[in-house]
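Subject: Structure for you, with notes

Hello,

Here is the structure I promised to pass on. Please open it first, then read the notes below.

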Amino acid sequence: MTARRVSAAALAAAAIVGAVALPASAADHARPDRTKVEISAVQYDSPGRDDRSRRSLNKEWVELTNTSRRTVNLDGWTLKNEDGDTYTFEHYRLEGRATVRIHTGRGHDTDSDLYMDRHNEVWDNHSDTATLRNDHDRFIDDASWGRHHRGHDGHDGHRHGSFRR
């Protein structure tokens, strides 16, 4: 009987050591850095006159920030307003910890500024939602403003022309 008790005690001790050691070894392996892109700011009412000029349209914009360390391929991702006006990203990669500003008007795309090439305002000054979806049409983030909207930041949208996280 003593051999059985010794054997049982040894198995119990091994189980306890294994249970204690497992979380410690799991903590040694850091989780991979997940890619996270979010709408970080919106300028929905361009300062000055809304005269549909290139200058006025380019003062209306949405900023996206990659909060992870890894580059995210935004090819095929979309940015859409409540009316269905859609901007589709083409051949664009957002570096880790970087921000890109998507302007409504026309211009030359750079790493930090992209242009929708529109001739009219996209974002409603009173009430709208900017929605970001990935290339599989999965929801990534949104930002809302206006009387009946609650943005992802928890504010009710009563702002004067812009929103920033």
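Let me start with one residue. Tyr-87 is buried, with a relative accessible area of 11%. Its place is in strand S5. Please keep in mind that this is a predicted model.

**Around Tyr-87**

Which residues does Tyr-87 touch, beyond its neighbours within four places in sequence? Trp-77, Thr-78 and Leu-79 are among them. Tyr-115 is 28 residues from Tyr-87 in sequence. In space, their C-alpha atoms are 9.1 Å apart.

**Aromatic rings**

A pair of aromatic rings is described by the distance of the centres and the angle of the planes. How many aromatic pairs does a search of the whole structure find? It finds 3. One of them joins Tyr-87 and Phe-89, edge-to-face. Their centres are 5.0 Å apart, with 80° between the planes. Both of these residues are buried.

Trp-123 and Trp-145 also form an edge-to-face pair. Here the figures are 6.2 Å centre to centre and 70° between the planes. This pair links distant parts of the chain, 22 residues apart. Trp-123 is in the loop between strand S8 (113-115) and S9, while Trp-145 is in strand S10. Trp-123 and Trp-145 are both buried. Ring pairs link these two tryptophans and Tyr-44 into a cluster.

Trp-61 has a charge over its ring. The charged end of Arg-101 sits there, 3.7 Å from the ring centre.

**The whole protein**

Now the overall picture. The protein has 2 helices and 11 strands. From the N terminus, the order is α-β-α-β-β-β-β-β-β-β-β-β-β. There are 165 residues, and 35% of them are buried. The accessible surface is about 10600 Å². Carbon and sulfur atoms account for 48% of that surface. Take the contacts between residues at least 6 apart in sequence: 54% of them join residues at least 24 apart.

**The four-stranded sheet**

Strand S5, where Tyr-87 lies, is part of an open sheet of 4 strands. What is the order of the strands? It is S5-S4-S9-S10, with antiparallel pairing. S5 (86-88) and S10 are the edge strands, and each pairs on one side only. From one strand to the next, the twist averages 15°.

Look next at S9 and S10. S9 covers residues 128-133 and S10 covers residues 139-145. The two run antiparallel and are joined by 6 bridges. Ala-130 is opposite Ala-143 in S10. Leu-132 has Asp-141 in S10 as its bridge partner. The hairpin of S9 and S10 has 5 residues between the strands. There, Asp-137 takes a positive phi near 65°.

Thr-131 is in strand S9 too. Is Thr-131 buried or exposed? With a relative accessible area of 18%, Thr-131 is buried, because the cut-off for buried is under 20%. Residues up to four places away in sequence aside, Thr-131 touches Thr-78, Leu-79 and Lys-80, among others. Phe-139, Asp-141 and Asp-142 are also in its list of contacts.

**S1 and its surroundings**

S1 pairs with strand S2 (residues 61-66) in the antiparallel sense, over 6 bridges. Gln-43 stands opposite Trp-61 in S2. That is the tryptophan whose ring lies under the charged end of Arg-101.

Lys-36 is in the loop between helix H1 (2-28) and S1. Lys-36 is partly exposed, with a relative accessible area of 44%. Which residues is Lys-36 in contact with, leaving aside its neighbours within four places in sequence? They are Thr-65, Asn-66, Thr-67 and Ser-68. The C-alpha atoms of Lys-36 and Thr-71 are separated by 9.8 Å. Along the chain, those two residues are 35 apart.

Best wishes

How values were computed:
Residues are numbered from 1 along each chain as its sequence is written. This is a predicted model: local features need pLDDT of at least 70, side-chain atom pairs count only at pLDDT 80 or more; totals for chains, interfaces and linings use all residues. Side-chain values use heavy atoms; hydrogens and water are left out. Buried means under 20% relative accessible area, exposed over 50%, partly exposed in between (1.4 Å probe, protein chains only). Contact means heavy atoms within 4.5 Å. Accessible areas come from the Shrake-Rupley method with a 1.4 Å probe; for residues, only the protein chains shown count as cover. Two strands pair if DSSP finds at least two bridges between them. Rings of Phe, Tyr and Trp (its six-membered ring) pair if their centres lie within 6.5 Å; planes under 30 degrees apart count as stacked, over 60 as edge-to-face and the rest as tilted. A charge sits over a ring if NZ of Lys or CZ of Arg is within 6 Å of the ring centre and within 35 degrees of the ring normal. Axes are lines fitted to C-alpha atoms, for helices over the stretch in contact, and angles run from 0 to 180 degrees between N-to-C directions.
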